[in-house]
Amino acid sequence: MSEELTVVAVDAMGGDNAPGELVKGAVNAVKDEDNIKVILVGKEDAIKKELGKYEYDENKIEIRNATEIIATDEVPTIAVRRKKDSSLVVAMKMVKQGEADAVVSAGSSGAILVGGQAIVGRIKGIDRPPLAPLIPTSDGVALLIDCGANVDARSSHLVQFAQLGSIYMEYVMGVKNPRVGLLNIGAEEEKGNSLTKETYPLLKELDNINFIGNIEAREIPEGAADVIVCDAFAGNCILKFYEGVGNMLKAKLTSVYKKSAKNGMGYLMVKKDLNKTLKAFKTDEYGGAPLLGLNGLVVKTHGSAKAVEVCTSIKQCVTFKQQHIKDRVTEHIAVK
């Protein structure tokens, strides 16, 4: 595997729009970036049919045949164990064996979490790898960690989430000394449930993160923190709420502009700036959620992901490799 390339295995059969949007996203990624090679994993005939629609550098896209598919309604532990020739399992084995630097999948969240830990494997010392998507704020983005992997977390897990998130934001997103906030229902140290009360002093004692204290949900859109630490139950609620608000705003504004010809004219005048503003609420603009703390990069995209999100998810793997995130995790928090 060339040191100059970031090789990404894409689970071409995972998600609602497979393989079409996965293939299209891969083609766009290799066209946008010279240092990416994509291996599309899945049913060869179906992938070839989709690739036939595009012109691309054939040296930068490869097909790896896999005959099985893990459906979203299957029990993840059983599916990963039994379907050894599924597109997801084959892709993850490629990362495990060093054939690929990362895997991107829009498939079953449960199977991705199970496969990530069982096949790719956790970095020594990491207890619970979290999912960490980027969400929009008034002045950029913030990392929400965890958003779906650990619904029932302990304070020690949240401490590692804070450290993992800080490393990711600094070295992948380029945020110097990122501000880390603990999601809570109040700013005071004594506020919250037993988990946040136990976690707060532990974060306060860390000298390798910039902990700024508690952060309330209403402060997230304002950009009050660069890393928002929480258990996956709270994080997933925040993420889904964000997506719902974005959809609601777009629908409301559209209905206003359709009410009259005058409103329609006004829309034409502000359309460009308005669309740019609303675009910030589209989660596909920020790629997928990396499962941090593994021996290789695993990126989970939405099940309904279109080519834009797939493309962005593939491209974000480049910085992860270039910044040696696994080594930084091992050095700073995993092995003491």
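Analyst: Pro 19 sits in the loop between strand S1 (6–11) and helix H1 (20–32); helices (H or I, at least four residues) and strands (E, at least two) are DSSP runs, numbered from the N terminus. The peptide bond joining Ala 18 to Pro 19 is cis, with omega about -5°. This is a predicted model, in which local features need pLDDT of at least 70 and side-chain atom pairs count only at pLDDT 80 or more, while totals for chains, interfaces and linings use all residues. Residues are numbered from 1 along each chain as its sequence is written, and side-chain values use heavy atoms, with hydrogens and water left out.

Another cis peptide bond links Ile 145 and Asp 146, with omega about 20°. Asp 146 belongs to the loop between strand S6 (140–145) and helix H6 (155–171).

The loop between H6 and strand S7 (179–183) holds Asn 177. Its phi is near 50°, a positive value in a residue other than glycine. Asn 177 counts as exposed because its relative accessibility is 53%; buried means under 20% relative accessible area, exposed over 50%, and partly exposed in between (1.4 Å probe, protein chains only).

His 324 also has a positive phi, near 50°, and is not glycine. It lies in the loop between helix H10 (307–322) and helix H11 (325–334). With 48% relative accessibility, His 324 therefore counts as partly exposed.
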